[in-house]
Amino acid sequence: MSRTFSEETHRNLLARIPRCTGREVSDWLKAVEEGPSLVRFEEKVSWLRGEHGLAYGHAKAIIHEYDLRRAARRML
């Protein structure tokens, strides 16, 4: 399954996460940071789904955003 979203789809998913989950995206990103040291994208998605009961699309969007921000930090 593809790891990439169109930019619009990604932003739309992120915008819906607080309403659907009751938590801000920043809270989810912190949870991923503090969670287990998983390497693969799909492992992280599965962890969010199993540990927190997130829908696949929301978990995937959170991990995608986490990876984007982590890559941006490396560029600094």
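I call a residue buried under 20% relative accessible area, exposed over 50% and partly exposed in between, with a 1.4 Å probe and protein chains only. The model is predicted, so I noted the limits: local features need pLDDT of at least 70, side-chain atom pairs need 80 or more, and totals for chains, interfaces and linings use all residues. Residues are numbered from 1 along each chain, and side-chain values use heavy atoms, without hydrogens and water.

**Ala 61.** I found Ala 61 in helix α4; helices are DSSP runs (H or I, at least four residues), numbered from the N terminus. Ala 61 counts as buried because its relative accessibility is 0%. I looked for contacts, meaning heavy atoms within 4.5 Å. Leaving out residues up to four places away in sequence, Ala 61 touches Phe 5, His 10, Leu 13, Leu 14 and Ile 17. Its C-alpha atom is 6.6 Å from that of Leu 14, 47 residues apart along the chain.

**Helix α2.** Val 25, Trp 28, Leu 29, Ala 31 and Val 32 are buried in α2. They lie on the same side of α2 because they cover an arc of only 155 degrees around the axis, taken from the directions from the helix axis to the C-beta atoms. Lys 30 and Glu 34 are exposed on the other side. The cover over the buried residues of α2 includes α1, α3 and α4.

**Lining of the largest pocket.** A pocket is an open set of points on a 1 Å grid over the protein atoms alone, where a 1.4 Å probe fits, with protein on both sides within 12 Å along at least five of seven lines; lining residues have an atom within 4 Å of a point. I noted Trp 47, Tyr 66 and Arg 70 among the lining residues. Helix α4 gives the largest share, three residues.

Methods:
Helices (H or I, at least four residues) and strands (E, at least two) are DSSP runs, numbered from the N terminus.
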